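Okay everyone, thanks for coming. I'm going to walk you through one structure today, so let's get it up on the screen.

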Amino acid sequence: MLMDYLEPMKAAVLFGFNDVRVTERPVPSPGPDEVLIRVAACGVCAGDIKMITRGMLKQPPFGQFILGHEYAGTVVEVGETVDEFSVGDRVAVEVHKGCGRCRNCLQGKYTLCLNYGDVSKGHRANGFTTMGGFAQYAVNHVNTIHKLPDGMSFDEATTVTIAGTALFGIEQAGGFVPGDTIAVLGPGSMGLMCVQCCKALGAGKVLLTGTRADRLDLGKKMGADVVIDARHENPVERVRELTDGLGPDLVLVTTGAHDSLQQAIEMTHRGSDIVFLAHVDDPITANIGLAVQKGNNIFTVRGEGRMTVHQALALMEQGKIRANELITHTFPLSQINEAIETFVERRDGAIKVVVHP
Ligand SMILES: [Zn+2]
Ligand SMILES: [Zn+2]
């Protein structure tokens, strides 16, 4: 087995802004509490595009950085202290491994590690601050891998962090009571995961807003009770109408559109919670005074956390979250740039684009 690794591996490396090249790199070797994964599938995410086009905090240098954080594969080698996983295990990954020594990590908030990007202190965010999964092999700390249920494909498994993020957002707001009405703004992969998570957890009415008919249709198939096309209807008015003038109990914002937070605040009732799950590039404005008047709690999440990836896998195994319909395109690693363009331009209705290294 070891013989294979003497061969270099293929990896997609960022050489400069908008310059991703597939090149050869040595196969990494796992440390004592890490495993080596033969990557089978890695999803393209908006986070990748941000790093490719304008860069992010603590990103590894050009010419070295292997992108990709939504991947799954098979364990092919384990570090000397690893007894939680074995060679041959099929696993999905989550991004963040906290340092385990800062105040936030000690409180379980490892995705908000205060030593973010400091590898020497044990922090890793694969595909963001350390090497990622657009490669034939990747190294992961045991804290960031999860065994896949039998029957779950590697392609499906690339979406567990999206579902885990949706669940973490709901958890941050303190959850909801079964039967609650929830508005989800934005029918991208995060919004569609939010719809499914809410239904899986017993939400009453789930109202999905957006501007793309094909994605709204998919939202309906994935459990949204009503979809609202914001090009033809005023989403705030329509949501209030559908809730007898009251407004939803929880709003999950998955779009960074300039008026998204304002819409969320306007549609809520007094005391509703709002969770912002979108990565926003430019500042957006909203009437915070109105939120204060209504006593809205506004939360943000940047990714998965606590045990929400485990929870997501359990819901996927039970068929309560479906990922296959979100995966619209697959490409071999050699066509990584085509995969990226397909995702960015939403070619042929692209939602999730998955690369097979
Ligand atoms: Zn991502
Ligand atoms: Zn930490």
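Before we look at the first metal site, one term: a donor here is an N, O or S atom within 2.8 Å of the metal, and water isn't among the atoms, so a site may look incomplete. Also keep in mind that this is a predicted model.

Which residues are the protein donors of the zinc ion, ligand 1? They are Cys45 through SG, His69 through NE2 and Glu70 through OE, and they lie 2.1 to 2.3 Å from the zinc. If you follow the chain, the spacing of those donor residues reads C-x23-H-E. His69 is buried, with a relative accessible area of 4%, and Glu70 is buried too, at 5%.

Now go to the other zinc, ligand 2. Its protein donors are Cys99, Cys102, Cys105 and Cys113, each using SG, at 2.3 to 2.4 Å from the ion. What is the geometry of the site? It's tetrahedral, with angles of 100 to 118° among the four donor atoms. Along the chain, these donors follow C-x2-C-x2-C-x7-C. Here's the bit I like: Cys102 sits in the loop between strand E6 (96-97) and helix H3 (103-106), while Cys113 sits in the loop between H3 and strand E7 (124-125), so this pair ties together parts that are 11 residues apart in sequence. Are those two buried or exposed? Cys102 is buried, with a relative accessible area of 6%, and Cys113 is buried with a value of 6%.

Next, strand E3, residues 34-44. E3 is mostly covered, with nine of its 11 residues buried. Which strands does E3 pair with? One is strand E8 (residues 137-141), which runs antiparallel to E3 and is joined to it by five bridges. In that pairing, Glu34 has His141 as its bridge partner in E8. Another is strand E4 (residues 70-78), also antiparallel, over eight bridges, and there Val39 is partnered with Gly73. Then there's strand E17 (residues 352-356), antiparallel over three bridges, where Gly43 stands opposite Val354.

Let's move to helix H2, residues 46-53. In H2, the residues Gly47, Asp48, Ile49, Met51 and Ile52 are buried. What covers them? The cover includes strand E1 (9-16), strand E2 (19-25), E3 and helix H12 (336-344). Just after H2 you'll find Gly55, with a positive phi of about 85°.

One more helix: H5, residues 160-172. H5 has 13 residues and reaches 18 Å from its first C-alpha to its last, close to the 18 Å expected at 1.5 Å a residue. Why do we say that H5 is largely enclosed by the rest of the structure? Because 11 of its 13 residues are buried, and buried means under 20% relative accessible area. Among them are Val160, Ile162, Leu167, Phe168 and Ile170. Just after H5, Gly174 takes a positive phi of about 85°.

For Asn18, phi is near 55°; you'll find Asn18 in the loop between E1 and E2, and at 56% relative accessibility it counts as exposed. For Asp348, phi is near 50°. Asp348 belongs to the loop between H12 and E17, and it's exposed as well, with a relative accessible area of 70%.

Okay, that's my tour. Over to you for questions.

Key. Residues numbered from 1 in each chain as written. Chains lettered and ligands numbered in written order. Predicted model: local features only at pLDDT ≥ 70, side-chain atom pairs only at ≥ 80, totals over all residues. Heavy atoms only, no water. Donors = N, O, S within 2.8 Å, 3.2 Å for Na, K, Ca; no water. Tetrahedral: all angles 85-135°; square planar, octahedral: opposite > 155°, others 65-115°. Helix = DSSP H or I, 4+ residues; strand = E, 2+ residues; numbered from the N terminus. Buried < 20%, exposed > 50% of the residue type's maximum accessible area, 1.4 Å probe, protein only. Expected span 1.5 Å × (residues − 1). Pairing = 2+ DSSP bridges. Contact = heavy atoms within 4.5 Å.
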